[in-house]
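Here is a walk through one protein chain, written for someone meeting it for the first time. Keep the viewer open and look up each spot as it comes along.

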Amino acid sequence: MQSFKTVYFDIVGFCNAKCPYCHSGVNKIGRGDRITVELFEKTLTKLLDKNVITKGTVISLYSWGEPFLYNEIHNIINCINKLDLKYAVSTNASQVPFIDKAFVKNLDHIVFSMPGFSQESYSRIHGFDFEDIIHNIVTIVKDCRNLGFKGTFTISYHVYKFNIEEIKKCEQFADDHEIVFRPYYAILNHWWMLQDFVNKRFSKEEADKILRNIFNLEDIENKMKSSPKDYICPQFNYLIVDENAHMITCCQLARNHKEYSCGNVLDTDIEIILNKRKNHQVCRECVGSGLAYYLNNSMAMPDFYKRSAKQKILALKQRIKKIKNLALSEVLNIFG
């Protein structure tokens, strides 16, 4: 059976940001719950027993949800430490968790998701107080490093048409705190909204508003048609599990999509789940239409962005670390 190096495991099925182009932010469609520590441990234990994950797998505690909203995250992390697994977090930094030695023991990396570098940009997307976010990021980085954490912090900067002028300001902030800076084009991260856009179901006024904010949607039909016939969606290279232990077909699908789940990890044979995941109609249609190719190529670093000298050094260090971790992962797979 295939082993996966990355699992995205939502410990909460909701988020407190108000992103207008994301399932979690707009309308709160199919708002989820939070996992119990017992269910979390049982799920990971089964995935380990079936060799779906190994000691070299990184458990990323997020997909649609904001992990630091989980009030028992210390118990989740204790469970990860007990199983001797690595974990990662992506956060909007609206909350600062309790950080102790257990928190950093098996922490691999933290990603800070940012929609700009001003109050104006935050008011348009996340809806948070910008100064609070900056304070929280600095606090999290400082507290982790003071406890000996040597891993990577990354800012995932969502590039919209309205925040281009803020890119270098955010990069300077990242340089000052030795945080890796990664600007990526924002996408229409909402399955039903994306379907409506592709199929021209929006009014001209609504479509124009989206186009004023998001890159790479112009001429979307031709971009989809450029998909190679043998294109394989990278979603198949990792697993996504929600807070109810359901293995999710794709990170793009909303909870109210009929093919959202491939089955529950705890009561369905893993091989059946993985096979079903590769044969869902929505996947065939998404890949066949070129939409999967468009989505995965739209989330790219802008051509106009040029890394600072500091970022070039941090990027090199990150690549070296990744190579070392891959080598260690292979050793663990052989002997573990």
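## Ground rules

A residue is called buried when its relative accessible area is under 20%, exposed when that area is over 50%, and partly exposed in between (1.4 Å probe, protein chains only). This is a predicted model, where local features need pLDDT of at least 70 and side-chain atom pairs count only at pLDDT 80 or more, while totals for chains, interfaces and linings use all residues. Residues are numbered from 1 along each chain as its sequence is written, and side-chain values use heavy atoms, with hydrogens and water left out.

Helices (H or I, at least four residues) and strands (E, at least two) are DSSP runs, numbered from the N terminus.

## Positive phi spots

Most residues other than glycine have a negative phi. You'll find Asp 84 in the loop between helix H2 (73-82) and strand E3 (86-91), and its relative accessible area of 47% makes it partly exposed.

Asn 51 also has a positive phi, near 65°. It belongs to the loop between helix H1 (37-49) and strand E2 (58-60), and it is partly exposed at 37% relative accessible area.

Two lysines are worth a look in the loop between H1 and E2. Lys 50 lies there and is partly exposed, with a relative accessible area of 43%. The C-alpha atoms of Lys 50 and Ser 24 are 31 Å apart, although 26 residues separate the two along the chain.

Lys 55 is in the loop between H1 and E2 too, and it counts as partly exposed at 30% relative accessibility. Its C-alpha atom is 31 Å from that of Met 114, a residue 59 places away along the chain.

## A buried lysine

Now step back into helix H1, where Lys 46 sits.

Contact means heavy atoms within 4.5 Å. Leaving aside neighbours within four places in sequence, Lys 46 is in contact with Val 265, Leu 266, Asp 267, Thr 268 and Ile 270.

## The nonpolar core

A nonpolar core is a set of buried Ala, Val, Leu, Ile, Met, Phe, Trp, Tyr and Cys residues joined through side-chain atoms within 4.5 Å. The largest one has 103 residues, and Phe 40, Phe 103, Cys 144 and Ile 155 touch the most other members. Helix H5 (residues 130-146) gives the largest share of this core, seven residues.

Beyond its neighbours within four places in sequence, Ile 155 has contacts including Phe 112, Cys 170, Phe 173 and Phe 181. Cys 170 and Phe 173 are among the buried residues of helix H6 (residues 167-176).

## Rings and charges

Rings of Phe, Tyr and Trp (its six-membered ring) pair if their centres lie within 6.5 Å; planes under 30 degrees apart count as stacked, over 60 as edge-to-face and the rest as tilted. How many aromatic pairs does this rule give? The count comes to 15. One of them joins Phe 181 and Tyr 305 edge-to-face, at 5.8 Å centre to centre with 65° between the planes. Phe 181 lies in strand E6 (residues 180-185) and Tyr 305 in the loop between helix H12 (291-298) and helix H13 (309-335), so the pair ties together parts that are 124 residues apart in sequence. Both Phe 181 and Tyr 305 are buried.

Ring pairs also link Phe 117, Tyr 122, Phe 130 and Phe 173 into a cluster. A charge sits over a ring if NZ of Lys or CZ of Arg is within 6 Å of the ring centre and within 35 degrees of the ring normal. Arg 124 lies over the face of Phe 162, 3.9 Å from the ring centre, and the charged end of Lys 161 sits over the ring of Phe 215, 5.7 Å from its centre.
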